[in-house]
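Dear colleague,

Please find the structure below, followed by a summary of what was found in it.

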Amino acid sequence: MSATLYCNPLPLPQLPRGRYSGQPTAFEQQFDLPDAFCIFFGKDRPDFRESGDVEVLHYQPDGCWYLFGSSRAGDSVYRSRDFLTWEHFQISLTAGNGYAPAVTQRSGKVYLSFSLSPLYEADHPLGPYHSLGYLCDQRGAKLKAWLDPALFTDDDQRMYAYWGYGPADGGLFGAEIESLYPPVIKGEPTFLIDFNREHLWERFGEANEDPDFSSLEGASMFKHEGRYYLLYSANGAGFRNYAEGCYIGSSPLGPFEYARSSPFARQSTGIVNSCAHGGFVRGPDNQVWYFYSTCIRQRHEYERRIGRDRVFFNAAHEPQVCISASPRHLDGSDAGLLPVSVNKRVDSSSHEAWNIDRYAIDDCTHTWWQPAFNDPQPWLTLELRREFALRAIRILWSEVNLDYERGILPEPVKYRLDFYRRGESEPSRTLDFSDQQEDLVVDFRTFAEIPAQRVRLTILQ
């Protein structure tokens, strides 16, 4: 993998099991969850993998970045030393719920929580974590609608919590955390923002057609040059035009003013779409980056991956992000590598049902090529029409037969790529990944320039 380039969705190894995957968890059965939190609560839910609702912590003691995302159990964490390549680690939590993580560091400790989960404390982002209990108000009652939470520590080491799902629960709220042992907020929760029908992009629906409702959610807080950026998502994570907006204030609890650049991150077409429910983090050279969820939607409407792009601030100090689907440099600049495979001529050894080979190259995530189940060595050949100097590949593998209960588990895909020059019947170059040991559901690789007019992918058994 390149030491200088990244490409969205990020190729995170060992992507965890999806939150609504397979049989309902003990956590789901234990609580009377809000309707909006119970999609596909039934017994016949397909197995899939995901990571979304991402928060990234730049842990100052070791200089590494730690990525937390939604999953079935919340037990997966990724670490990067170079802000490009990511290692997978597992942590242990007591509540067994891993949806919408919130993470911060304060006075040498790391604090982590999820929707409807306790607040956890650890000495390091990789744990071990122990529960401090549920965050409560002054009367000792659990905070209402502890959904899509966020945690933030200011420069003075005062810690704040944010939560809510509007308008179903009245919008987004925030509070200073007065005590951690046990976790209690200071005073009454502060109402921050709610759905504003005048913001057309917030309206619910694939075309923002519903003026009376929105899934306003995914709060995150970030401080930059003395200003406080309250990030939030709308209009619903199942839609391709799900986007990220922002309010800006002079203190952690406001008052906040709407950033006119909102939605500052939005992309509704192509491989990288539905780009929201994420957060800002400082990367190398103190530059600000936005990590976000992006949808696949093959097995479930919340089947997601993770992307990231640079944040720039305009003259009014409002954030702006250009969502990318092609390789970029670590400084966020375009690497100049164009996709040459989209809607070209394609052939394959077989296909299963309606999953024809053209779906492999249609620049769409919820369609895919699937070879026949009895095909012993499936292949797909791509005709590029002319010879190109190829320097990278990106493959999004589909996992249609996962079944964790039956022991059909994710595993590294072993494959080979053959490259053919114009008019040649024998490959001029082969990239052999038959000994692939890393489980990558998104596979992005760069290599020395290979001239080719035709490329064949062979899946090896």
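How many nonpolar, polar and charged residues does the lining of the second largest pocket have? Before the reply, two remarks on conventions. This is a predicted model, in which local features need pLDDT of at least 70 and side-chain atom pairs count only at pLDDT 80 or more, while totals for chains, interfaces and linings use all residues. Residues are numbered from 1 along each chain as its sequence is written, and side-chain values use heavy atoms, with hydrogens and water left out.

The lining has 12 nonpolar, 11 polar and seven charged residues (Ala, Val, Leu, Ile, Met, Phe, Trp, Tyr, Cys and Pro count as nonpolar, Asp, Glu, Lys and Arg as charged, and the others, Gly among them, as polar). A pocket is an open set of points on a 1 Å grid over the protein atoms alone, with protein on both sides within 12 Å along at least five of seven lines; a cavity is a set where a 1.4 Å probe fits but cannot get out, and lining residues have an atom within 4 Å of a point. Volume is the space filled by probe spheres set on the points, which are joined across faces, edges and corners.

The second largest pocket holds about 730 Å³ of space. Of its 30 lining residues, L57, H58, Q60, Q105 and T153 lie nearest the centre. Strand β2 gives the most to this lining, with five residues (strands are DSSP runs of E, at least two residues, numbered from the N terminus).

The structure also holds two cavities of 30 Å³ or more. The second largest cavity, of about 30 Å³, is lined by L10, L12, L15, R305, I306, V441 and V442.

There are 23 salt bridges in the structure (a side-chain nitrogen of Lys or Arg within 4 Å of a carboxyl oxygen of Asp or Glu). One of them joins R454 and E383, at 3.5 Å from N to O. This pair links distant parts of the chain, with R454 in strand β28 and E383 in strand β25, 71 residues apart. Another joins D418 to R416, with the closest N and O atoms 3.1 Å apart. D418 is buried, at 6% relative accessible area, and R416 is partly exposed, at 25% (buried means under 20%, exposed over 50%, partly exposed in between, with a 1.4 Å probe and protein chains only). R17, D47 and E405 are linked in a network of salt bridges.

Yours sincerely

Terms used. Helix = DSSP H or I, 4+ residues; strand = E, 2+ residues; numbered from the N terminus.
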